[in-house]
Amino acid sequence: MIFFDIDGTLIDFKQAEAAGIRTFYQTYGHHFTLTEEAFHVEWRVVGARHFPRFLRGELSFEQQQAERVKSLFELAAIRLTDREAGAYFGTYLQAFESSLAAYDDVVPCLQQLRAMGHRLGIISNGNGAQQRSKLERAGLLAYFDAIVVSSEAGAAKPDPRIFEAACLQARRDPGACLYIGDDVETDIVACRQYGLSGIWLNRTGTRTEHKVPAIARLSELDPGLAFL
């Protein structure tokens, strides 16, 4: 069984995020003294603050969206209600979703693996409905037999329970599973600690002290993988 992460692995999250931020700034940027470049930075800062709160169960998915927008508008000394913030986030979300696309090496890889007889799955942090929607919009959903998302599994990577849930859903032992993801610690170190094999998809050429198998593109993946 070969499992994949979604964002940054199969789907170009950063490109879609940038499109969403750009549209949000074009719509609401007049409230801020920040340049567009600085606004992009602040968007990612507040995302890094509130999205993990959702993963920990402290906020609902919709609440973390609203909190992100409220934190941004606090920079302009503007207080928004949850309803206002949620509506403003919708401006970002529409542009984000319309810009979602798979990397160009994804479909050929999935097609080849399926042709070789491999079963494919997903292990992803996020909201189940949104993550499935991403796969569907990118034309990838039909390739996967098992989809495990943190909001439904009750645990988020690097918690070993999400890898346990994936193996149970796939009805495979951890040692018979491979996980491919773009975050060396959250994806690869974590999955290996639970007993899965892991391959780091390092699209950005990032350096790490971890000694793990790595590839720069999915076209480098050996489709044989006879042990799976």
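The model is predicted, so local features need pLDDT of at least 70 and side-chain atom pairs count only at pLDDT 80 or more, while totals for chains, interfaces and linings use all residues. Residues are numbered from 1 along each chain as its sequence is written, and side-chain values use heavy atoms, with hydrogens and water left out.

Let's start with the sheet. It is open, has 6 strands in the order β3-β2-β1-β4-β5-β6, and the pairing is parallel. Helices here are DSSP runs of H or I with at least four residues, strands are runs of E with at least two, and both are numbered from the N terminus. Two strands pair if DSSP finds at least two bridges between them. In general, strands of a sheet pair through backbone hydrogen bonds, either parallel or antiparallel. The edges of this sheet are β3 and β6 (214-215), each of which pairs on one side only.

Look for isoleucine 123: its bridge partner in β3 is valine 148. As for β3 itself (residues 146-149), Ala146 and Val148 point one way, Ile147 and Val149 point the other way, and all are buried. Buried means under 20% relative accessible area, exposed means over 50%, and partly exposed is in between, with a 1.4 Å probe and protein chains only. Helix α6 (residues 128-137) lies across β2 and β3, running at about 135 degrees to β3.

Further along the sheet, β4 and strand β5 (residues 197-201) run parallel and are joined by 4 bridges. Here glycine 181 stands opposite tryptophan 200 in β5. Helix α9 packs on the sheet, touching β4 and β5, and its direction makes about 165 degrees with that of β5. Contact, here and below, means heavy atoms within 4.5 Å.

The loop between β4 and α9 holds aspartate 183. This aspartate is partly exposed, at a relative accessible area of 33%. Leaving aside residues up to four places away in sequence, aspartate 183 touches Ile188 and Trp200. Aspartate 183 also sits 9.9 Å from aspartate 7, C-alpha to C-alpha, although the two are 176 residues apart in sequence.

Now for the helix pairs. Axes are lines fitted to C-alpha atoms, for helices over the stretch in contact, and angles between N-to-C directions run from 0 to 180 degrees. Angles under 35 degrees count as roughly parallel, over 145 as roughly antiparallel, 65 to 115 as roughly perpendicular and the rest as oblique.

The axes of α8 and helix α9 (residues 184-194) come within 9 Å and cross at roughly 70 degrees, which makes the two helices roughly perpendicular. From α8, the contact uses Pro160, Phe163, Glu164 and Cys167, and from α9 it uses Thr186, Asp187, Ala190, Cys191 and Tyr194. By class, those residues are 6 nonpolar, 1 polar and 2 charged. Ala, Val, Leu, Ile, Met, Phe, Trp, Tyr, Cys and Pro count as nonpolar, Asp, Glu, Lys and Arg as charged, and the others, Gly among them, as polar.

Helix α4 has two pairings to look at. With helix α1 (residues 13-28), the axis of α4 (residues 82-98) comes within 7 Å and crosses at roughly 140 degrees, so α1 and α4 are oblique to each other. Their contact has 11 nonpolar, 4 polar and 1 charged residues. With α3, the axis of α4 comes within 8 Å and crosses at roughly 95 degrees, so α3 and α4 are roughly perpendicular. This contact divides into 6 nonpolar, 2 polar and 4 charged residues.

Most residues other than glycine have a negative phi, and most peptide bonds are trans. Alanine 77, in the loop between α3 (61-74) and α4, has a positive phi of about 60 degrees and is exposed, with a relative accessible area of 71%. Arginine 171, in the loop between α8 and β4 (178-181), also has a positive phi of about 60 degrees, and is exposed at 77%.
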